[in-house]
Amino acid sequence: MSDLTRLTIAEARDALRKGETTSVALTEAYLSAIDGAGALNAFVHKTPEIAMDQARAADARIASGEAPALCGMPLGIKDLFCTRGVASQAASKILEGFRPEYESTVTRNLWDAGAVMLGKLNMDEFAMGSSNETSTYGNAVNPWKVDDRQLTPGGSSGGSASAVAADLCMAATGTDTGGSIRQPAAFTGIVGIKPTYGRCSRWGIVAFASSLDQAGPMTRTVRDAAIMLGAMSGHDPKDSTSADIPVPDFESMLTGDIRGKTVGIPKEYRMDGMPAEIEKLWADGSAMLKDAGAEIVEISLPHTKYALPAYYVIAPAEASSNLARYDGVRYGHRAKLGQGDGIVQMYEKTRAEGFGKEVQRRVMIGTYVLSAGFYDAYYNRARKVRALIKRDFDEVFAAGVDAILTPATPSAAFGLGEMADADPVAMYLNDVFTVTVNLAGLPGISVPAGLDQQGLPLGLQLIGQPWGEGDLLNTAHVLERAAGFVSKPEKWW
Amino acid sequence: MSIDIDTARRVAHLARIAVQEDDLPALAQELSGILTFMEQLNEVDVTGIEPMTGVTPMRLKRRADVVTDGEMQDRILANAPDAREGFFAVPKVVE
């Protein structure tokens, strides 16, 4: 077969079952694509031996006739997932040399389904960033290009997005705390879904903000996202917040029929200064869903404007607590100590050397908002505002709305380094359309919907009801078909 | 709320991150900027609203309080920067 690296999971599954190709052939094709793509800096730890072993095992399983859909599919894994015996650093210097003695539940589920690990993918340090510029491995680069500039693939799952868009893996895992799956998916013309909080186990995924973090798939098509999300999901006794509810067959729910569904357009998402092409994309998406038989209604989510400041209190607060474990004692980096240095100097030097600037900034903000005298003014107030943001969504869904359509990002991908001198808050604005979904624990998906005037991909976001990923994926599938996005980046790397 | 240099020094120490004295003014300014952004939350009427603790209304699962694993000292110490005689080693903490 020609061009094995262009197949979707669904196509490869059918080809494997018919015996037209093998997982070994697919895996070899991807390993060679990865070797030729150093310029993208997407894969930061390659695992070719593991990949070939898993591919051979997958071929044997497929030959036996009892293979799940994901069997034999070569995947990339975000560096945030602990993978046994393989470097798992969360793109941080402080975890240099760390090789977990255990496997995250999500990756364990993927290997049990027969998937193949090609390696670990670049990301923002501890998933804190929107441009993949805070990584200890250096920037991941977007395969899309319109001039001499190198563009960001977005963040924090930037390596995952770059690798899937550049055909370096069939699909990848991502994680999303404030938009870290959906924003990079939009910047690279791929699909990314953050499921309902609790759908995927967080066990073995390096924690950033535990009440917001969720893993999800990043894929070329909505169908692939449905297949892979099914394999990643499920109850896990090791994560007390993982939901003990059945995982439906998401793929079988892609009927392409959304007649009679109600899609809400939230008026508060029409931000001042929104680029005209984003506004047009949004209107076009709404027209596509209407043509497919959905009813379009304007809705109000009045607390939207407060989502970003609430998020930037809650997420750093949780991060400051989660990241307290990096102290140079149990794993990773320990600073060289001077004569007479005690344990406090060891902690302080280790964390100053090991954490990058953005991580330090967020840990300190989190420490401040949790400190005596400020806890009520910042942290408790933010948690109350969070309750109001969730209530906005509850009310809209109770009024009969099935899904909500919004832009995925306020712009297309920007140039690496262009935000270097900007205020940290300017970077945070990247999450403006995605962060509400994490605060409310809802599923959200980014679907590639068009190109901007320069020729860069733009995405639309659909937000669904809790545990309604099947319905959400079906609506996304309709939008994907209507938008007919088929563009691929031209190979320059 | 703006953060002065003394507060920045105190927060850095609470966070156990060494910050050079020369870097404190810039840090204080950055943190102040972020806090100013958060001040918007004061516009919201939160009277009678309970702070959210968990986003999904579910009862945490319970399990039997029994030992389910153990006997893996080597694996636990495998990644330690300094492990001696079956323990994590750190600089002396008592005189």
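The model is predicted, so local features need pLDDT of at least 70 and side-chain atom pairs count only at pLDDT 80 or more, while totals for chains, interfaces and linings use all residues. Residues are numbered from 1 along each chain as its sequence is written, chains are lettered from A in the order in which they are written, and side-chain values use heavy atoms, with hydrogens and water left out.

The interface, then. On the chain B side, 50 residues are in contact with 67 residues of chain A, contact meaning heavy atoms within 4.5 Å. Across this interface the rule finds five salt bridges, a salt bridge being a side-chain nitrogen of Lys or Arg within 4 Å of a carboxyl oxygen of Asp or Glu. B:K61 forms a salt bridge with A:D244, with the closest N and O atoms 2.9 Å apart.

Now the sheet. In chain A, 11 strands form an open sheet with mixed pairing, in the order β1-β3-β2-β4-β6-β5-β10-β11-β9-β7-β8. Strands here are DSSP runs of E, at least two residues, and helices are runs of H or I, at least four, numbered from the N terminus; two strands pair if DSSP finds at least two bridges between them. At the edges stand β1 (43-46) and β8 (295-299) of chain A, each with a single partner strand, so one side of each has no neighbour in the sheet.

Inside chain A, β9 (403-407) and β11 (457-464) run antiparallel and are joined by five bridges. A:L405 of chain A stands opposite A:L462 in β11(A).
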